[in-house]
Amino acid sequence: MRRLLPVCLGLILSVTSVAAEARPLTDDGRLRFSGFGTLGLIHNDLDEADFTRDISQPKGAGKGWSARTDSLLGAQVGYRFTDQLDTVVQGISRYHDSGDFSPEVSWAFLRYRPDPGVQLRLGRLGWDVYQLSDSRYVGYAYPWVRPPVDHFGTLQLTYIDGVDVTFKQPVGSDLVLLKLYTGRSDGDVFIGKGLEAHFDVDKVYGGHVDYETGPWRFRLGYTEVESNIDFSGDAPDQLDAQFDQIRAFDPSFDLTANGVLGSSFGFDRLKLYSVGAVFDRGPVQLQAMWNRSKTSADGAVDSGFVSAGYRIERVTPYLVYSQVETTSDGEGGSEGDFKQRTYSVGARYDFTANMALKAQLDRVHVQRPGFLWRDIDSDWNGGWGSIFSLGLDFIF
Amino acid sequence: MNRVQRLLIASTLSATLVAAVPASADIAVVVNAGSGIDRLTRSDVVNIFMGRYRKLPTGNVALPVDSSSLKARFYRALVDKDLAEINSYWARLVFSGEASPPQQIVSIGDVHQLVIQNMNALGYVDSSQVPADMHVVLTLSE
């Protein structure tokens, strides 16, 4: 925080003086530069567990104040070769799986648009697995301090290295959109104390159909993720040590922690089904989404949220309800499963045309603690917690 | 009443008066008079300016241009949103590499220049001031 704060403040001061649109850096407008960022503060009142924004964050916001969870900075450079061909490179610095704010390239693609109805992109692409998922770090683009954690926090990947193709077709005054994509990826997921899963994704592929009519945007999506999972941390180390002791007596014993954990979690093959709807007309913003992710071990993650906002002059108050539940055998909650729901109330204040101040209160009801929390007290069975957040979002 | 109070009341009154005066005219969405485009529907114009689908009835790719002086009035009339909301909308599309906002042009003279040079350009002007070499494809009432 101490290092990030002066950088962000300097940036904010410098962005107040420039226009909000991407600025052309060359006279012909071919080269453009733009960026986004969030300065976020969280107050957590829970003693028993630390709050995270998503499962890629190794540490959470403990009791008291923290600026680590939501603060981030992103920048984009675009270059247009011709009207059909352009390239975009985007980087982001946020608190992520390496345990620090080390910047990473989140987008880097070459785009070909032979026709307004066809787009082909090749390179590193944001993971567009459900509505808003590929722009979930662009705080200025949504009313909330952060996208509902119950729904977006369980996503395993942020980007894919591959290709996507989008077709758009007007139907009367409506618009139908089909997007297909495939690629490779990798990412780290923190499951619990001393247990981390590294996803080496051989193949991720999927697509979605969007239907836009008037103020409505509907989406149906499906994705499969095939990975080699490598478990690490104290838990698999201890398990392997026990297996080694058994092997000392019985050399034919061939279990490994990786194998045992792999088959019990079933992360090697995930199937994600999602539906979403967004309504955006004048001052009214409504959103509803639902997702079911199935593992190869018959487990599932079900999540969803509904959100409503209404803009009054420069202030947009909003309400959100979200929930997430894991089931390890398709039979309902058991010991190792995770279940919580969140009621949020907040407001976004657009005090200039390129900066917004937000305040949000989340009342989280943890019914069974799990992998969206860090440093969980071993005797904690869940309960109500309050997360209060302040955010300053900007674009430049 | 002290001076500060009087100033406050005066400024409130003048703001109320300005707000009460009806807008001078509607906004006309214009193309080159020789472009071959007769009319566009409101949803065509929304699709083009909001980056959803930028194909003209002629089959060409539309080139929308925003003019700074009328931008706030235009988007209020088109989608009932203010400029912060329009910027927020574009932040999602730009930083997910989906689409780019219209070209931003400061002076109405430059918008005029671009529209008369480019058959695929779409701009907007105050409907009481449509130049003779431009053709109105849609009028947005304010």
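Is Leu220(A) buried or exposed? In this predicted model, Leu220(A) has a relative accessible area of 55% and therefore counts as exposed. The residue is located in strand 12 of chain A, which spans residues 216-232. Leu220(A) belongs to a nonpolar surface patch that also contains Phe167(A), Leu178(A), Leu180(A), Val209(A), Tyr273(A), Val275(A) and Trp290(A). Together, the residues of the patch have about 690 Å² of accessible area. Two or more residues of the nonpolar patch come from each of strand 10 (174-192) and strand 13 (269-281) of chain A.

Two residues of chain A were examined for their backbone angles. Most residues other than glycine have a negative phi. Leu132(A), although not a glycine, has a positive phi of about 75°. Leu132(A) is found in the loop that runs between strand 8 (118-126) and helix 2 (149-152) of chain A. With a relative accessible area of 14%, Leu132(A) is buried, because the cut-off for that class is under 20%. Asp375(A) likewise is not a glycine and has a positive phi, near 55°. Asp375(A) sits in the loop between strand 19 (373-374) and strand 20 (383-395) of chain A. The relative accessibility of Asp375(A) is 52%, so this residue counts as exposed.

Chain B contains five helices and five strands, arranged along the sequence in the pattern α-β-α-β-α-α-β-α-β-β. The chain has 142 residues, of which 47% count as buried. Among contacts in chain B with a separation of 6 or more, 75% are between residues 24 or more positions apart.

The contact between the chains involves 42 residues from chain A and 25 residues from chain B. The size of an interface is often given as the accessible area lost when the parts come together. For chain A and chain B, the buried area is about 2700 Å², and carbon and sulfur atoms carry 49% of it. Seven salt bridges are found across this interface. In the salt bridge between Glu85(B) and Arg311(A), the closest N and O atoms are 3.2 Å apart. Between chain A and chain B, 17 residue pairs are in polar contact, with both residues at pLDDT 80 or more. On the side of chain A that touches chain B, the elements giving two or more residues are strand 2 (31-44), strand 7 (104-115), strand 8, strand 9 (159-171), strand 10 and strand 17 (339-352). Strand 7 of chain A provides the largest share of that side, five residues.

Note on methods
Residues are numbered from 1 along each chain as its sequence is written. Chains are lettered from A and ligands numbered from 1 in the order in which they are written. This is a predicted model: local features need pLDDT of at least 70, side-chain atom pairs count only at pLDDT 80 or more; totals for chains, interfaces and linings use all residues. Side-chain values use heavy atoms; hydrogens and water are left out. Helices (H or I, at least four residues) and strands (E, at least two) are DSSP runs, numbered from the N terminus. Buried means under 20% relative accessible area, exposed over 50%, partly exposed in between (1.4 Å probe, protein chains only). Contact means heavy atoms within 4.5 Å. Patches are made of residues with over 30% relative accessible area and no salt bridge: like charges are joined within 9 Å, nonpolar side chains (Val, Leu, Ile, Met, Phe, Trp, Tyr) within 5 Å. Accessible areas come from the Shrake-Rupley method with a 1.4 Å probe; for residues, only the protein chains shown count as cover. A salt bridge is a side-chain nitrogen of Lys or Arg within 4 Å of a carboxyl oxygen of Asp or Glu. Buried area is the accessible area (1.4 Å probe) that two parts lose on being put together, summed over both. A polar contact is a pair of N or O atoms within 3.5 Å; within protein, one must be able to donate a hydrogen and the other to accept it, and residues adjacent in sequence count only if both atoms are side-chain atoms.
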